[in-house]
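Me: I would like to learn how to read this model feature by feature, beginning with the idea of a contact. Could you give the general idea each time and then turn to the case at hand?

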Amino acid sequence: MARERATALLLDFDGVLRRWDPAVAAGVEREYGLSEGVLGEIAMQWGRLQPVLTGQVSHAEWVSSVADALAEPAGGPDRARAAVEQWQRYRGEVDTEVLDFVREARAAGITVGLGTNATDLLDADLAALGLVGELDVVVNSSTVGVHKPAPEYFQAACVALATPPARVLFVDDEDWAVRGARAAGLSAHRWGGHADLRYLRAALNY
């Protein structure tokens, strides 16, 4: 049986609508004598990351814990804090082609939501990147209290979109998130880059 046509779009943030230049972190690591990739490695340790993505700790507390873990390799707590603060000042860049796609979809009557595992800094990031008002809803894991790929996250997203799962198309660059969305009853597509926009437009039928 054919699926119902999607009337709502749920987009991941990092890796889809927002891009990160890896040269920024690499430059900070070189400046402070840190090993390549260590900032991301420490920040993304699941035991450290999961609490901030579910609202149990703040973004500031998470950043502080990263600096604490870097104190020895950075040459002391002050240098570690300075390195992490410099790294955190960069908040990524909007993928303008994806933003154009979001605007097209909304103009065609598609409800568009941002579905992201994020910290309590998300609203400030959206403002800094000029994205306030560009999306109909924002579903932030740290606000919901549960993160992708849990079914409860996608249930909350569908409620926010006021759309049943079968009518929501989810787009993410991570396979585990796509699988989670499909298990929750959504249509889902793994983002591979701008070449996918033609397919997504066709799937949304506009």
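This is a predicted model: local features need pLDDT of at least 70, side-chain atom pairs count only at pLDDT 80 or more; totals for chains, interfaces and linings use all residues.

Reply: Contact here means heavy atoms within 4.5 Å. Leaving aside its neighbours within four places in sequence, aspartate 172 is in contact with Asp12, Val16, Lys148, Ala177, Val178, His189, Arg190 and Trp191.

Me: Is aspartate 172 buried or exposed?

Reply: The general idea is that a residue counts as buried when its relative accessible area is under 20%. Aspartate 172 has a relative accessible area of 2%, and is therefore buried.

Me: Which residues does alanine 188 contact, leaving aside its neighbours within four places in sequence?

Reply: Alanine 188 lies in strand β7, which runs over residues 187-190, and its contacts, with neighbours within four places left aside, are Leu169, Phe170, Val178, Ala181 and Arg182. Because its relative accessible area is 11%, alanine 188 counts as buried.

Me: How should I read the backbone, and where does alanine 162 lie?

Reply: Most residues other than glycine have a negative phi, and most peptide bonds are trans. Alanine 162, although it is not a glycine, has a positive phi of about 55°; its place is in the loop between α9 and β6, and with a relative accessible area of 69% it is exposed. As for the peptide bonds, the one from lysine 148 to proline 149 is cis, with omega near 10°. Proline 149 lies in the loop between α8 (141-144) and α9 (151-161), while lysine 148 is among the residues in contact with aspartate 172.

Me: Which residues touch the most other members of the largest nonpolar core?

Reply: The largest one has 27 residues, and Leu9, Phe13, Leu17 and Leu131 touch the most other members. The elements that give two or more residues to this core are β1 (8-11), α6 (96-107), β4 (111-116), α7 (122-128), β6 (168-172) and α11 (197-204), and α6 gives the most, with five residues. Leucine 131, not counting residues up to four places away in sequence, touches Phe13, Leu17, Val94, Leu99 and Leu126. There is also a second, separate core of 22 residues, which includes Ile42, Leu49, Val52 and Val66.

Me: What radius of gyration does the protein chain have, and how should I read the value?

Reply: The value is read against what a compact globule of 206 residues would have, which is near 17 Å; the protein chain has 18 Å, so the two agree. The C-alpha atoms fill a box of roughly 60 × 30 × 25 Å, taken along the principal axes, and the chain contains eleven helices and seven strands. Of its 206 residues, 48% count as buried, and among contacts with a separation of 6 or more, 67% are between residues 24 or more positions apart.

Me: What share of the accessible surface belongs to carbon and sulfur atoms, and how far apart are the mean positions of the charges?

Reply: The accessible surface of the protein chain comes to about 9900 Å², and 51% of this belongs to carbon and sulfur atoms. The chain has 19 positive and 29 negative charges, whose mean positions are 5 Å apart.

Notes: Residues are numbered from 1 along each chain as its sequence is written. Side-chain values use heavy atoms; hydrogens and water are left out. Helices (H or I, at least four residues) and strands (E, at least two) are DSSP runs, numbered from the N terminus. The radius of gyration is taken over C-alpha atoms; the globule rule is 2.2 Å times the number of residues to the power 0.38. Buried means under 20% relative accessible area, exposed over 50%, partly exposed in between (1.4 Å probe, protein chains only). Accessible areas come from the Shrake-Rupley method with a 1.4 Å probe; for residues, only the protein chains shown count as cover. Lys and Arg count as positive and Asp and Glu as negative; His and the chain ends are not counted. The place of a charge is taken as NZ of Lys, CZ of Arg, CG of Asp or CD of Glu. A nonpolar core is a set of buried Ala, Val, Leu, Ile, Met, Phe, Trp, Tyr and Cys residues joined through side-chain atoms within 4.5 Å.
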